[in-house]
Amino acid sequence: MQNQGGRNTVVDQTRESSATEGQTAAEGLVTLPRTEQRIMRSRAENREYRIFVAKPDVEPPPSGYPVIYLLDANSVFGTMAEAIRLQSRRPEKTGVVPAVIVGIGYDTEGPFSNARYYDFTMPVPAAELPQSPRGTEWPELGGADAFLNFIEEDLKPEIEREFSIDRGSQTIFGHSLGGLFVLHALFTRPGTFQAYVAGSPSIHWGKRILLEEERQFASRLEKEPRSVGVLLAVGEHEKHHHSHMNDNAKELAGRLSALASRGVRVKFHEFEGEGHVSVLPVLISRALRFASEGDQQLEVGRP
């Protein structure tokens, strides 16, 4: 148990040693190099999170490490940690630079927790909610602002005490409801990050509220332009979903592209042959390049 800044943080030592007493290294748990996990609680609401961290194996540049904050970390932290560990070895070839990965998940061994419904959603009247696929009531909803406060006021300061971080190179990555949260963060607090990756965003979830936030965001940029990057991406097969996920994301990308003169850089991509879940690995690879170098098309292997 460590106490940092008045908050108790539990560090899970399984990330540091893979073999238990009496086991050889070959018999121990499989772990990812240079990763660890810990439990944090939000100061304002005392909600519990499992925080996953992947550390670069190089010294930080003078400006500090870039950092990527990853939602739903129980499901995709390993994919992103391994992708950046491999691709950042040759940034001149891949366009991916070493960065700290900070995954935000929950204290569960499953890929998801119902707690995400509260953390990723805005308060929406019951009449405007989509129907639950199982016909049951939705879990607790409407905590997106409190969750964003946790990231800004609790998590970021802890990461910045531990690492030299470049505050001018911070990315947030979310998928599905996590993509909805990414857009909410962009529209309501655009200075929180410099790059926003919204994969298969659930725009249909409280669409009226999100559209109003978008309008206020555009109006704010008229008075105060701000340089931000936005990557919107979906899988090809998601276009058949009743939520119109692909159309919603593509239309949003078009509207945001009109804000280029105010500092907004937008990319939209529909990944061929991919669905709502299978899109994640290819999206993560694309997101790393987008966060590192604005998704420039590099010619791999060119002398």
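Me: Which residues in α6 does α5 meet?
Reply: The model is predicted, so local features need pLDDT of at least 70 and side-chain atom pairs pLDDT 80 or more, while totals for chains, interfaces and linings use all residues. Residues are numbered from 1 along each chain as its sequence is written, and side-chain values use heavy atoms, without hydrogens and water. Contact means heavy atoms within 4.5 Å. From α5, Leu180, Leu183, His184, Leu186, Phe187 and Thr188 meet, in α6, Leu210, Glu213, Glu214, Phe217 and Arg220.

Me: At what angle do the axes of α4 and α5 cross?
Reply: Axes are lines fitted to C-alpha atoms, for helices over the stretch in contact, with angles from 0 to 180 degrees between N-to-C directions. Helix α4 (residues 144–162) is roughly perpendicular to α5, a term covering 65 to 115 degrees. The two axes come within 11 Å, and the crossing angle is roughly 75°.

Me: How many residues of β5 are buried?
Reply: Buried means under 20% relative accessible area (1.4 Å probe, protein chains only). Tyr65, Val67, Tyr69 and Leu71 point one way from β5, Pro66, Ile68 and Leu70 point the other way, and all are buried. For strand β5 (residues 65–71) the count is seven of its seven residues.

Me: Which residue in β7 is the bridge partner of Ile68?
Reply: Two strands pair if DSSP finds at least two bridges between them. β5 and β7 (residues 165–175) pair in the parallel sense over five bridges. In β7, the partner of Ile68 is Thr171.

Note on methods. Helices (H or I, at least four residues) and strands (E, at least two) are DSSP runs, numbered from the N terminus. Angles under 35 degrees count as roughly parallel, over 145 as roughly antiparallel, 65 to 115 as roughly perpendicular and the rest as oblique. Buried means under 20% relative accessible area, exposed over 50%, partly exposed in between (1.4 Å probe, protein chains only).
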